[in-house]
Amino acid sequence: MSDTVQYAMQYVFDFGTQAQHTFEQFVPGANAVAMGLVTQLAERVGEPQLYLWGVPASGKTHMLQAACQRMGAQGLPAAYLSLAEALHPGVLDGLEQLALVALDDIQAVMGLEAWELALFDLINRLREQQVLLLLAAHVPPAMLAVRLPDLASRLSWGPVLRLETLDDAGKREVLRAHAAERGMELSDEVIHFMFAHLPRSLNSLLAGLEQLDRASMERQRRVTLPLAREVFISRIQPH
Amino acid sequence: MSQKTLWSRCQEKLAADIPEQQLNTWIRPLQAIEDKEQLRLLAPNRFVQDWVKQNYLKQIQPLAQSLTNNPSLTVIIDVGTAAKAKISAQPSNATTDSIRAKKAIAMTHGLPEQFEHNLNRTFTFDTYVSGKSNQLARAAAIQVAENPGSSYNPLFIYGGVGLGKTHLMHAIGNQVIEANPQARILYLHSERYMQDMVRSIQSNTVNTFKQFYRSLNILLIDDIQFFAGKDRTQEEFFHTFNVLMENGQQIVMSCDRYPKEIEGLEERLKSRFGWGLTVAIEPPELETRVAILQSKAELMGVSLPHEVAFFIGKRIRSNIRELEGALRRVIATSQFIGAPITLDSAKEALKDLIALQNRMVTIENIQKTVAQYFKVRIEDILSSGRSRSIARPRQVAMSLAKELTNHSLPEIGKAFGGRDHTTVIHACRKIAELREEDSRIEEDYLTLLRTLTNN
């Protein structure tokens, strides 16, 4: 039992390393228009700048990654940067040499003078060089704690699009798609079980899928309800 | 050369090993210059360079060697750009690249015979929508474009963000270049001037920096307020300014405020900035906003129904950039769906924005904002006190509540300490009158209106 506990702990945080975020994989749900506009941008036939906002796990990062991937497929340089993880505004230097810049979690640096200035200057350079720009944050531009008005107005320069979280049907669809990609067979009853026993955020469901996959490989067993029970219920039980 | 490059094949292989986010953050930004013996990777900045060097180079090198069957192939990583490997998507052409490279060098080292201006050709006087709010600035800019260096020098344009200052500056440059293609015109943001200067100090090329700026015919420098508190930059700019003026070259500056109000700017600069003509750009009024929307839509080749332009113009009052953002949202959505632009489709496309505005514009919020603005207490606004110092803010708040919310007059009266609806009517009339007569009240009112409807 305690093996499983350890096991779960170890891999929940590992989730994501294998997942590929492409447009094909995105389950649009209520976000079909947003997805369409991001796709057009990445194919260089749409708007040059888009701002995406929505609660965590609404698909912002997925969109940004997919756009970078699509640029890469066209042989064009692109950069994805999460500003929540970036340590120094200098990471924005020189990005105007690329074809697309995708900045995630921009709320993380709002109110920080050096960052705001660097971001402002970057947007000017990108405009001048006609480089595509994707921005993402938890909140719409008007609710960001921006100090520099010059930056605030530039964030709203292009369409501002809200991403909504998927409903349960959408989440099921995502789970099935991810399972298919891993070559897993995922029955409706296992999905049902996961919905009943895991937090329903997409990220925790996907982490659960990862656990199931690993457990199935390790124990050389198919993904069945009994296996799901072992993996998830044992995880919650005290040892 | 239509075959896949070595670097794109490397990337495909790396995609299988490196987690996607890291791939997109560190590998995809790299550009490559390849030859038989070397794969030279170019990072946009030293952060990317360092990270790739430390973490991925040992993976990339053997990969590149095995893909080329060349065990002596070396992989190095520098900071820089492969001239125009990017958006233009045109097949790379050695001649134009080398010309570009020379021009870029000329830009930084100030060789007079190689000069490429950097104007945005779409920002012309023709595409600049004029209205009451920007008439004077536009007229002055046209004057300057017709007689650079001799009519108003410097021309100082000030106004809030996103009102079209940059557009006017480019328009001046574009008109001059039309008449005189040889003119050395530089548009730049003051922040860039500063960076250029710092770089020239670091690389010991201050003289070429000076020479370059002093050799211009027209210097268009944006957002000069960023010079505030930067003494060294101000010092250098002071000299650039003087040399250009002495030689009769034109300077056009923009700023978010009147020169005298820039804190942290040397007096001698403030006074020089006021030597020529100082003109303001005000936020556009509704008619101009509608005209701007229609002009922008036309430029995008879209016919925008008047009622839709009117709807967007009425909703977005803050600045032209946000106006453009909203318009682009409406157009992009309708084009994506393949449906015509109607009032309903516009409302649907902007529903988040509207919901947000509605949430922010409550009577309570108006009272709070107005109280803060006039430095009175909310309790005073709700009280029965009639002294001018609180009656005026109260009337302004009532009038704003009428304009910005859907509440009825009795509801508004009730929310203001249980007043009668006729008091609200009176307040609205009074404020309308005062706005006509007293420019300060007009300004207060508009500022509050913008504060409440955006941010």
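Buried, on this tour, means under 20% relative accessible area. Keep that cut-off in mind, and remember that the model is predicted.

**Stop 1: helix 7 of chain B**

Select residues 165-179 of chain B, which make up helix 7. Twelve of its 15 residues are buried, so the helix is mostly covered by the cut-off above. Colour the buried ones: Lys165(B), Thr166(B), His167(B), Leu168(B), Met169(B), His170(B), Ala171(B), Ile172(B), Gly173(B), Asn174(B), Val176(B) and Ile177(B).

What covers them? Show helix 6 (135-146) and strand 4 (155-158) of chain B, then strand 5, strand 6 and strand 7 (250-255). These elements are among the cover.

Now check the length of helix 7. At 1.5 Å a residue, its 15 residues should span 21 Å. The end C-alpha atoms are 22 Å apart, which agrees.

**Stop 2: the whole of chain B**

Zoom out to chain B. Its C-alpha trace spans about 90 × 60 × 40 Å along the principal axes. Switch to a cartoon view: the secondary structure comes to 22 helices and eight strands. Of the 455 residues, 47% count as buried. Take the contacts in chain B between residues at least 6 apart in sequence: 71% of them join residues at least 24 apart.

**Stop 3: Gly229(B)**

Select Gly229(B). Look for it in the loop between strand 6 (218-222) and helix 10 (231-246) of chain B. Is Gly229(B) buried or exposed? Its relative accessible area is 53%, so Gly229(B) counts as exposed. Leaving out residues up to four places away in sequence, Gly229(B) touches Gln234(B) and Gly264(B). Next, draw a distance from Gly229(B) to Arg450(B). The two are 221 residues apart in sequence and 29 Å apart in space, C-alpha to C-alpha.

**Stop 4: Ser399(B)**

Move to helix 19 (residues 388-404) of chain B, where Ser399(B) lies. Ser399(B) counts as buried because its relative accessibility is 8%. Which residues does it contact, beyond neighbours within four places in sequence? They are Cys428(B), Ile431(B) and Tyr445(B). Show the side chains of Ser399(B) and Tyr445(B): they make a polar contact at 3.5 Å.

**Stop 5: helix 13 of chain B**

Select residues 306-315 of chain B, which form helix 13. Highlight its buried residues, Val308(B), Ala309(B), Phe311(B), Ile312(B) and Gly313(B). They pack against helix 12 (286-299), helix 14, helix 15 (343-349) and helix 16 of chain B. Keep helix 14 and helix 16 on screen; both return at the next stop.

**Stop 6: where chain B meets chain A**

Bring chain A into view. Here 47 residues of chain B are in contact with 63 residues of chain A. The area buried between the two chains is about 4,600 Å², and carbon and sulfur atoms give 54% of that.

How many salt bridges are there between chain B and chain A? The count is four. Pick out Asp352(B) and Arg162(A), which form a salt bridge with their closest N and O atoms 3.9 Å apart.

Now colour the side of chain B that touches chain A. Helix 2 (20-27), strand 5 (185-189), helix 8 (190-202), helix 14 (320-337) and helix 16 (351-360) each supply at least two residues. Helix 14 gives the largest share, ten residues. By type, this side of chain B divides into 17 nonpolar, 17 polar and 13 charged residues.

Note on methods. Residues are numbered from 1 along each chain as its sequence is written. Chains are lettered from A and ligands numbered from 1 in the order in which they are written. This is a predicted model: local features need pLDDT of at least 70, side-chain atom pairs count only at pLDDT 80 or more; totals for chains, interfaces and linings use all residues. Side-chain values use heavy atoms; hydrogens and water are left out. Contact means heavy atoms within 4.5 Å. Buried area is the accessible area (1.4 Å probe) that two parts lose on being put together, summed over both. A salt bridge is a side-chain nitrogen of Lys or Arg within 4 Å of a carboxyl oxygen of Asp or Glu. Helices (H or I, at least four residues) and strands (E, at least two) are DSSP runs, numbered from the N terminus. Ala, Val, Leu, Ile, Met, Phe, Trp, Tyr, Cys and Pro count as nonpolar, Asp, Glu, Lys and Arg as charged, and the others, Gly among them, as polar. Buried means under 20% relative accessible area, exposed over 50%, partly exposed in between (1.4 Å probe, protein chains only). The expected span of a helix is 1.5 Å times one less than its number of residues. A polar contact is a pair of N or O atoms within 3.5 Å; within protein, one must be able to donate a hydrogen and the other to accept it, and residues adjacent in sequence count only if both atoms are side-chain atoms.
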